Amino acid sequence: MRHRSSLRAIALGLALMFSMKLGFADDFVKPLFERVPSQLQIEELNGNLPGAAGGGLTPKPIIQLALDLIKAYEGWSSNAYDDPANYCTIGYGHLIKKDRCANIDLKKVNFSELLTEKEGNTLLAADTKAARLIIQRLVKVDLTKQQFGALTSFVFNIGGANFSGSRALAFLNENDFDHATTEMRKWVHAKGKKLAGLVSRRNCEVVLFKTGTLSRTTAGEVDIQACGSAAAGAPEITEMIDIETGQAVTP
């Protein structure tokens, strides 16, 4: 019996180590939808952040509600894991490198230890700085802090290059927010298909932009189902745009 107990303990220990290695420890929280890596962070890793550098701008603060919106679609892991694109990721969707974790010396990039939730929050806020600077530089009209937060989530997801050349930005700068939000809702294509997660995310961003608020669940998280209900009466989208290519796609 003692021998069997020892074997069971060893097996459980190995299973825990294996799960933590893959990022599936107890605190690994998968996003509700298939995740697409932040195009902004990919630009940053590539050394290409249009509109984010120069001019001595200080990034405006981002409201917590907008950060919570981003969290809802990024998931959480306190240890490094390979995302669906095989990019090494940690925390709330922070891209460590465009490579598998096994090919990276995580000690050299300071991610070999478990990340605390507080550290994850700090890292996420830092990851949005480039998006905030891009919005400050490119958007020429006044925005509320809620509109600014909604756009930060949007730009963080689709990238600075896509945003800078988008019709959404053009309508924003014409103070035509209705058409701007309609354009935002078109960015729902990636991986060769329309993704439910991107549709849901665009709904929440548009609701926050238009109403200045988002519903929360009893657990205090952003209620993404409520976003879908709030967007139910919006005009049908007859064109999609791929967030990985920036190209229009016919539904």
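The crossing of helix 6 and helix 10 is left-handed, meaning that the near helix is turned anticlockwise from the far one by less than a right angle, whereas clockwise would be right-handed. Helices (H or I, at least four residues) and strands (E, at least two) are DSSP runs, numbered from the N terminus. This is a predicted model, in which local features need pLDDT of at least 70 and side-chain atom pairs count only at pLDDT 80 or more, while totals for chains, interfaces and linings use all residues. Residues are numbered from 1 along each chain as its sequence is written, and side-chain values use heavy atoms, with hydrogens and water left out.

**Helix 6 and helix 10**

- Helix 6 (residues 145-158) packs with helix 10 (residues 196-211) at an angle of about 155 degrees, and their axes are 7 Å apart.
- That angle makes helix 6 roughly antiparallel to helix 10 (under 35 degrees is roughly parallel, over 145 roughly antiparallel, 65 to 115 roughly perpendicular, and the rest oblique).
- Axes are lines fitted to C-alpha atoms, for helices over the stretch in contact, and angles run from 0 to 180 degrees between N-to-C directions.
- On helix 6 the contact (heavy atoms within 4.5 Å) is made by Q146, Q147, G149, A150, L151, S153, F154, F156, N157 and I158.
- Helix 10 contributes L198, R201, R202, E205, L208 and F209.
- The contact residues divide into 8 nonpolar, 5 polar and 3 charged (Ala, Val, Leu, Ile, Met, Phe, Trp, Tyr, Cys and Pro count as nonpolar, Asp, Glu, Lys and Arg as charged, and the others, Gly among them, as polar).

- R201, in helix 10, is buried, with a relative accessible area of 3% (buried is under 20%, exposed over 50%, partly exposed in between, with a 1.4 Å probe and protein chains only).
- Not counting residues up to four places away in sequence, R201 touches L69, I70, Y73, E74, S153, F156 and N157.
- L133 lies in helix 5 (residues 129-138) and is buried, at 14% relative accessible area.
- L133 and G160 are 27 residues apart along the chain, and their C-alpha atoms are separated by 9.9 Å.

**Sheet and hairpin**

- Three strands form an open sheet in the order 1-2-3, with antiparallel pairing (two strands pair if DSSP finds at least two bridges between them).
- Strand 1 (77-82) and strand 3 are at the edges with a single partner strand each, so one side of each has no neighbour in the sheet.
- The twist from one strand to the next averages 25 degrees.
- Strand 2 (residues 88-91) pairs with strand 3 (residues 94-97) in the antiparallel sense over 3 bridges.
- T89 has L95 in strand 3 as its bridge partner.
- The hairpin of strand 2 and strand 3 has 2 residues between the strands, and G93 takes a positive phi near 75 degrees.
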